[in-house]
Amino acid sequence: MTLKINGEIIPEEAIEFELKRLVQFYCRHMPPEEVSKQTDLLRRKAKEQAIGAKLLMNEAARLDIRVTTEDIEAKLKELKKNMGGEAAFREKIAKQGFSEDTLRTSIERGRKVDILVEQIVQGVEEPTEDEIKAHYKAHASEYTKADTAQVQHILIRPESDSEADRATAVSRLLEIKERLAEGAEFADEAAAHSDCPSGRRSGGSLGWLSRGTMVPEVDRSVFALKDGETSDILETELGFHLMKKTAFEKGGPIPYPEVAETIRDFLRHARRGVVIAAYVDDLKKKAVIEEEGLATEIEIDG
């Protein structure tokens, strides 16, 4: 697919960038499994936002919005810090084929758009406490926490799909399970024998996992275990596993005070989005947008 605005091609990378931002934002406001169901919608919105971003960039250039050198350098300094320092920053941009001057130009363009957006949304009212509480009440099912378990595992991958190699993998896990029953430490066995990187990295720890996020048969087994108990041998497409549940937390509604600021952010974003979308729609009327070589109208959702 080729997407153009006023004859300029919008690279696929720009759409992927907007998709990543959308996924990150929605993951802060709803369970990951719900976000995954919205993949097609989010991809369409990402394309629309890439169009909007380009139109806003062009408009910021037309309005000759100025950005100070100090502002650009402050953003560059922040970027270097987030990348792990000067050396890591230079290594990363070199791998990506960027120069520092190119990055400064990109930062300047981005800051011009930021300034334009702030001008557009100036005067948009903040969500009130009553509105935030009403949203919490109306979307109560979205503000719940699933049961979670702290899990360790040991993975043994068969050398091949042959019955002999599968049997060997199972036999290795049976031997490990015997040693565990005799008092061996699960973390030590994981570090010594697991084919998963978590074995050497963290003694097989997978951290806290939510109910419903693992392979169904593993999920059922893990949440049926008592704290400190180790599962029978389980098979997945990755191989054969031993799972140990080390702790458990019951899920349920998330108290309002814990999510009030998240909801405020969400409502603010939505309200500002409506205003920005109206502004972009106005810019679209003056632009030629082409997809696959054909002029087309693409709706920009708030």
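**View 1. Contact residues of helix α1 and helix α3 in the predicted model.** From α1, the contact takes in E12, A14, I15, E16, E18, L19, L22, V23 and Y26. From α3, L42, R43, K45, A46, K47, Q49, A50 and A53 meet them. By class, these contact residues divide into 10 nonpolar, 1 polar and 6 charged.

**View 2. Crossing geometry of α1 and α3.** Helix α1 spans residues 12-27, and helix α3 spans residues 39-62. Their axes come within 8 Å. The crossing angle is roughly 120°, which makes α1 oblique to α3. The crossing is right-handed.

**View 3. Crossing geometry of α4 and α6.** Helix α4 covers residues 69-82, and helix α6 covers residues 100-120. The two axes come within 10 Å and cross at roughly 115°. The helices are therefore roughly perpendicular to each other. What is the handedness of the crossing of α4 and α6? It is right-handed.

**View 4. Contact residues of α4 and α6.** On the α4 side, the contact is made by D71, I72, E73, K75, L76, L79 and K80. On the α6 side stand E100, L103, R104, I107, E108 and R111.

View 5. Rolling a probe the size of a water molecule over the atoms shows where empty space is left.

**View 6. Lining of the second largest pocket by element and class.** Helix α2 (32-36) supplies at least two residues of the lining. Strand β3 (144-145) and helix α12 (256-284) each supply at least two as well. By class, the lining of this pocket has 8 nonpolar, 6 polar and 5 charged residues.

How values were computed
Residues are numbered from 1 along each chain as its sequence is written. This is a predicted model: local features need pLDDT of at least 70, side-chain atom pairs count only at pLDDT 80 or more; totals for chains, interfaces and linings use all residues. Side-chain values use heavy atoms; hydrogens and water are left out. Axes are lines fitted to C-alpha atoms, for helices over the stretch in contact, and angles run from 0 to 180 degrees between N-to-C directions. Helices (H or I, at least four residues) and strands (E, at least two) are DSSP runs, numbered from the N terminus. Angles under 35 degrees count as roughly parallel, over 145 as roughly antiparallel, 65 to 115 as roughly perpendicular and the rest as oblique. A crossing is left-handed if the near helix is turned anticlockwise from the far one by less than a right angle, and right-handed if clockwise. Contact means heavy atoms within 4.5 Å. Ala, Val, Leu, Ile, Met, Phe, Trp, Tyr, Cys and Pro count as nonpolar, Asp, Glu, Lys and Arg as charged, and the others, Gly among them, as polar.
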